[in-house]
Amino acid sequence: HPCFLECFPSPTLDLLKENKSLEVTASSRHYVDRLFDLDPQKVLQGVIDMKNAVIGNNKQKANLIVLGAVPRLLYLLQQESSSTELRTECAVVLGSLAMGTENNVKSLLDCHIIPALLQGLLSPDLKFIEACLRCLRTIFISPVTPEDLLYTDATVISHLMALLSRSRYTQEYICQIFSHCCKGPDHQTILFNHGAVQNIAHLLVSTSYKVRMQALKCFSVLAFENPQVSMTLVNVSVDGELLPQIFVKMLQRDKPIEMQLTSAKCLTSMCRAGAIRTDDSCIVLKTLPCLVRMCSKERLLEERVEGAETLAYLIETDVELQRIASITDHLIVMLADYFKYPSSVSAITDIKRLDHDLKHAHELRQAAFKLYASLGANDEDIRKKIIETENMMDRIVNGLSESSIKVRLAAVRCLHSLSRSVQQLRTSFQDHAVWKPLMKVLQNAPNEILIVASSTLCNLLLEFSPSKEPILESGAIELLCSLTQSENLALRVNGIWALMNMAFQAEQKIKSDILRGLSTEQLFQLLSDSDVNVLMKTLGLLRNLLSTRPHIDHIMSTHGKQIMQAVTLILEGEHNIEVKEQTLCILANIADGTTAKELIMTNDDILQKIKYYMSHSNAKLQLAAMFCISNLIWNEEEGKKASLLLHRQVATLIKRLVLHTSHYCSAVESKA
């Protein structure tokens with residue numbers, strides 16, 4: 001009845017929508033009615049009967065929630081007049097209700113179950129504490145529960161740490177709560193500052209497998225991308241053994257797969273954080289081979305996903321680990337099997353297996369793309385092997401249009417890694433017209449995908465890439481100019497970087513289109529950007545625009561005043577050597593113009609600055625200044641004024657200059 005529904009919170013309405021056939025039976029009402037009996041013993045028996053009725057019965061759980069059982073159970077749980085046995089049974093029933101659907105958990109959260117359970121942890125009764133922790137564990141591992149609810153009261157973490165010593169159940173549940181609620185550096189810092197490492201370390205040698213596993217999972221999330229925790233873990237010992245040694249023992253093949261994988265994740269995080277060297281035997285001979293084993297066909301799909309993703313993270317930045325992994329157990333060929341799920345429907349008679357394959361198909365492809373991206377990050381031979389893998393380029397191209405954002409992102413990362421190869425840009429990338437789906441991705445995608453896709457585009461716009469011309473014709477200038485206006489720093493860098501590569505040895509029309517697309521105002525905005533990478537790439541763009549004498553004269557005739565103003569401001573500002581060197585190179589290019597050099601020759605301030613940098617202590621700045629002078633005095637008549645600035649070291653510097661001339665002509669760079 002509509003009036004009946006209005007008195008319930010939205011999750012309860014969701015429950016009713018979720019269970020369209022839901023019928024609030026008389027027996028369900030009877031369970032709730034018994035909670036209000038005046039006889040405490042009958043109330044206790046009613047709670048016990050309710051517990052037995054809801055076990056494994058989601059429909060009954062939904063019935064009881066709709067009928068308002070949760071507020072009454074919470075009331076009984078918090079009443080001091082309730083017996084400890086009754087309070088414990090209430091906590092058990094609430095935990096059982098939480099094991100149902102996500103809407104069940106939402107309903108419990110709306111009734112403020114977490115504060116009530118946390119209050120229950122102050123009880124002296126261990127059984128009641130364990131029941132409250134078990135229910136809290138169930139609620140916190142649900143994806144609908146905000147992790148920050150654990151950290152709203154600073155005393156909660158301290159109390160949980162104190163409860164770790166009470167029993168193996170408190171150890172298991174608390175570690176599980178910590179591992180699920182530790183999301184990011186803020187949570188890691190809170191747990192670390194409350195002594196999580198010291199309090200949990202000894203649990204790794206517990207007689208209970210569940211306790212050991214939950215402690216291990218805690219360390220895997222605490223150490224992830226956290227140097228402080230990782231450096232601490234290296235020096236912690238338990239029963240005379242350092243934690244890394246304990247983790248290595250847990251990698252052994254006779255240990256459960258779950259334990260092997262989690263300990264490998266711990267060692268991986270410690271390695272990436274710099275706490276363990278990449279050439280340490282525990283990484284090269286233990287962790288890496290273990291993770292490669294997890295990628296084999298013999299492992300469950302979930303294990304293969306986790307193994308590949310962890311291995312990708314381990315080797316992502318280390319060339320030697322990439323080479324070792326690429327020749328271990330035919331890994332590159334092994335990964336090709338990740339794309340064969342789900343299997344043909346006609347070949348599968350087991351519906352459960354088909355559902356399982358469908359569920360994990362996206363995760364498998366994502367993991368494979370990630371690992372291929374890490375493997376091919378630096379080595380040309382490895383990239384060649386990846387490209388030659390069965391239908392690899394077709395798989396990447398298909399991955400760019402996947403419905404799953406995570407798969408699309410992983411596919412773009414893989415493409416970016418392979419785009420670092422000159423040979424592949426000229427062959428496979430051209431044969432498969434990779435630029436087309438890439439440009440489509442760039443039209444409408446989340447920032448995380450845009451960042452990697454635009455990085456890839458930087459490489460496809462290098463002067464030797466056959467894709468450069470069709471990309472230009474597809475309207476890339478407008479797209480890239482819009483990226484330079486992004487609030488996201490990485491997108492601004494990539495936008496200006498790609499324009500810099502595009503302008504290299506380009507026709508005058510393309511250069512004019514770039515200047516028109518950027519506008520003078522935006523160009524100055526980029527030149528005053530607080531990030532040095534944006535500034536350097538913008539200066540590189542100007543160098544490329546101001547190359548070839550006719551182009552220099554044309555651009556300076558329309559934008560000369562503004563460009564000279566920008567050059568002056570940078571040379572006078574507090575910038576590093578590289579920025580000022582780039583700026584002097586721009587002046588040198590302007591000096592190479594037929595009419596453009598007049599803007600330098602008639603500017604005493606600029607001439608004095610060139611003179612100053614000719615005698616600068618830094619050799620790079622000396623050479624760049626000398627390159628300016630060399631171009632200025634190329635015409636004898638105009639060189640008279642500039643020659644007054646020459647010092648005795650001119651002859652020597654010009655000899656050195658000849659060896660570096662090519663370095664100062666223009667800028668082009670692949671996006672690593």
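**Helix α7 and its surroundings**

Mentor: Helix α7 of this predicted model comprises residues 84-98, and its 15 residues reach 21 Å from the first C-alpha to the last, close to the 21 Å expected at 1.5 Å a residue. Twelve of those 15 residues are buried, so α7 is largely enclosed by the rest of the structure. The buried set consists of Leu 86, Arg 87, Thr 88, Glu 89, Cys 90, Ala 91, Val 93, Leu 94, Gly 95, Ser 96, Leu 97 and Ala 98. The cover over these residues includes α4 (40-54), α5 (58-66) and α6 (69-78), together with α8 (102-110), α9 (113-120) and α10 (126-140).

Setting aside residues up to four places away in sequence, Leu 375 touches Ile 315, Gln 322, Ala 325, Ser 326, Leu 331, Ile 332, Leu 335, Ile 382 and Ile 386.

Open space comes next. The largest pocket holds about 1600 Å³ of space. It is lined by 49 residues, of which Phe 224, Lys 265, Glu 309, Thr 310 and Lys 370 are the closest to its centre. The helices that each supply at least two lining residues are α12 (168-181), α13 (185-193), α15 (209-222), α18, α20 (301-315), α23 (351-375), α26 (405-418) and α30 (447-460). Among these contributors, α20 gives the most, with eight residues.

Helix α18 (residues 257-272) also contains Ser 269. Ser 269 is buried, with a relative accessible area of 3%. Beyond its neighbours within four places in sequence, Ser 269 is in contact with Ser 220, Ala 223, Phe 224, Ser 230 and Tyr 313. Phe 224, one of these partners, is also one of the residues closest to the centre of the largest pocket.

A search of the whole structure finds one cavity of 30 Å³ or more, and the largest cavity contains about 40 Å³ of space. Its lining is formed by Thr 520, Leu 523, Phe 524, Leu 527, Leu 542, His 559, Gln 562, Ile 563 and Ala 566. Both α34 and α36 (549-572) supply at least two residues each to that lining.

Helix α34 (residues 508-527) also holds Ser 519, which has a positive phi of about 75° although it is not a glycine. Ser 519 is partly exposed, with a relative accessible area of 33%. A positive phi of about 55° occurs at Asp 239, again not a glycine. Asp 239 is found in the loop between β1 (237-238) and β2 (241-242). With a relative accessible area of 71%, Asp 239 is exposed.

To return to the helix requested, α7 is largely enclosed because twelve of its 15 residues are buried, and the elements that cover them include α6 and α8.

Note on methods: Residues numbered from 1 in each chain as written. Predicted model: local features only at pLDDT ≥ 70, side-chain atom pairs only at ≥ 80, totals over all residues. Heavy atoms only, no water. Helix = DSSP H or I, 4+ residues; strand = E, 2+ residues; numbered from the N terminus. Buried < 20%, exposed > 50% of the residue type's maximum accessible area, 1.4 Å probe, protein only. Contact = heavy atoms within 4.5 Å. Expected span 1.5 Å × (residues − 1). 1 Å grid on protein atoms, 1.4 Å probe; cavity = no way out; pocket = protein on both sides within 12 Å on 5 of 7 lines; lining within 4 Å. Points joined across faces, edges and corners; volume = space filled by probe spheres on them.
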